Amino acid sequence: MPAGFSGGYYFSGRSLAIAVEVGLGYGTHPKGRYTRMSALTEFFMLRGAQELAAKLKPETRTEMDHALRLGRQKMQAAEALWSNGSIAEALRLASQGLALVTDTLAGLDPERDFSFELIREMLAKGGVSKRRIDSVEKAMEQRRTFKLPSLDEEAPADSAEVFRRWVEAEERIHRTLEPTLMSRTQQVGLRTFRFVTAFLVLAVVAAVVVFFATRVPDDEIHASGFFGTSDMFAGIKAMDNNDNSWWLGPDGVSAWVEVKLGKARHVRQVRLLNSASPPWNDRGTKDYVLELYGNGRKLRSIPGTFPETTHPRIVTVPINMDGVERVRMVARTWYDKGAALAEIHVD
Ligand SMILES: [Ca+2]
């Protein structure tokens, strides 16, 4: 590792005052202190970041900021190299990037010989869980013991895992400490952004939940059968709001079409429009029974007869009944070749 990336280079000669300055914000060992709620609170309130920021001297702040930025720059360059297949160089650069950040932070405490405690405390204060902090520590440990390959073909099998761990560790540190180095105005801006984003996400989730919870499925229509093999005269043709399309029953048999309501409801009336199947005018329903079903049983049967005509008119059948789930029109007899119906409307 080049000397320029060691903590000693950046912070050689830094006084105990810095350690006190930083350490004051982290008086309690994080073990057992982390909770999801505290992490969430920190994410939105940034209290830990503000506490630390208040204790940092401007020059310390500037140097930490520089180290974090440079670390990020190196990691991004390392990732570009990695995706380009330059494994050895990517590992080297990632190692430098992680060392730069961690040595800088650890170097803030000259009392301890490369102490991870300070980093651990900073991350804990920033709402990072113990498991993730352990992962950062493992990455740092690995960085010290991992033998960097000179050539790409010398890279060990676990290179990808090691590289990913280093990148994640740097990202974790960067993301956690970045708010600390922001100005008060920037912190307020970040908090506001996070609040607004969370609010919008929750609002969208709530809207989706309400939509699905209150959504009433569409009415559906089914038929006992239909004439022909295409869907030109299928049951749906009796519920397409088009008087010039129609359902035709199979030849010479009793047949029915049924509207299954999306949800049980009050039915005021049912409107029926027969069809003569123009231009041949060789079909049409004659005697029918309108059957209403609800609560798993037949609620009512209303018989009727359509007149024989080539120009049928809408027939309105009064119902006024609650809890209707299905409305079926059974064509018992028919004119000429078979039953028909142009439209059925359940109001
Ligand atoms: Ca129709």
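Guide: Begin with the terms: helices (H or I, at least four residues) and strands (E, at least two) are DSSP runs, numbered from the N terminus. This is a predicted model, in which local features need pLDDT of at least 70, side-chain atom pairs count only at pLDDT 80 or more, and totals for chains, interfaces and linings use all residues. Residues are numbered from 1 along each chain as its sequence is written.

Visitor: In which strand is H222 placed?

Guide: H222 belongs to strand β1, residues 220-223.

Visitor: Is H222 buried, exposed or partly exposed?

Guide: A residue is buried if 20 or more other C-beta atoms lie within 10 Å of its own, exposed if 12 or fewer, and partly exposed in between, with C-beta atoms placed from the backbone. H222 has 14 C-beta neighbours inside 10 Å, so H222 counts as partly exposed. In the protein chain, 32% of the 347 residues count as buried.

Visitor: Which residues does H222 contact, leaving aside neighbours within four places in sequence?

Guide: Two residues are in contact if their C-beta atoms, placed from the backbone, lie within 7 Å. For H222 the partners are G235, E258 and K260.

Visitor: How is a pair of packed helices described?

Guide: Two numbers are used: the angle between the axes and the distance between them. Axes are lines fitted to C-alpha atoms, for helices over the stretch in contact, and angles run from 0 to 180 degrees between N-to-C directions. Helix α5 (residues 58-83) and helix α6 (residues 87-106) cross at roughly 165 degrees, and their axes come within 8 Å. This makes α5 roughly antiparallel to α6; angles under 35 degrees count as roughly parallel, over 145 as roughly antiparallel, 65 to 115 as roughly perpendicular and the rest as oblique.

Visitor: Which residues make the contact of α5 with α6?

Guide: Among them are M64, L68 and W82 of α5 and I87, L93 and L100 of α6. By class, this contact has 15 nonpolar, four polar and two charged residues. Ala, Val, Leu, Ile, Met, Phe, Trp, Tyr, Cys and Pro count as nonpolar, Asp, Glu, Lys and Arg as charged, and the others, Gly among them, as polar.

Visitor: Why does α10 lie largely in the open?

Guide: Of its 31 residues, the number buried is zero, so α10 lies largely in the open. Helix α10 covers residues 184-214. Helix α3 (residues 36-45) packs with α10 at an angle of about 120 degrees, the axes being 7 Å apart. That contact involves F43, F44 and M45 of α3 with R191, R194 and F195 of α10.

Methods. The expected span of a helix is 1.5 Å times one less than its number of residues.
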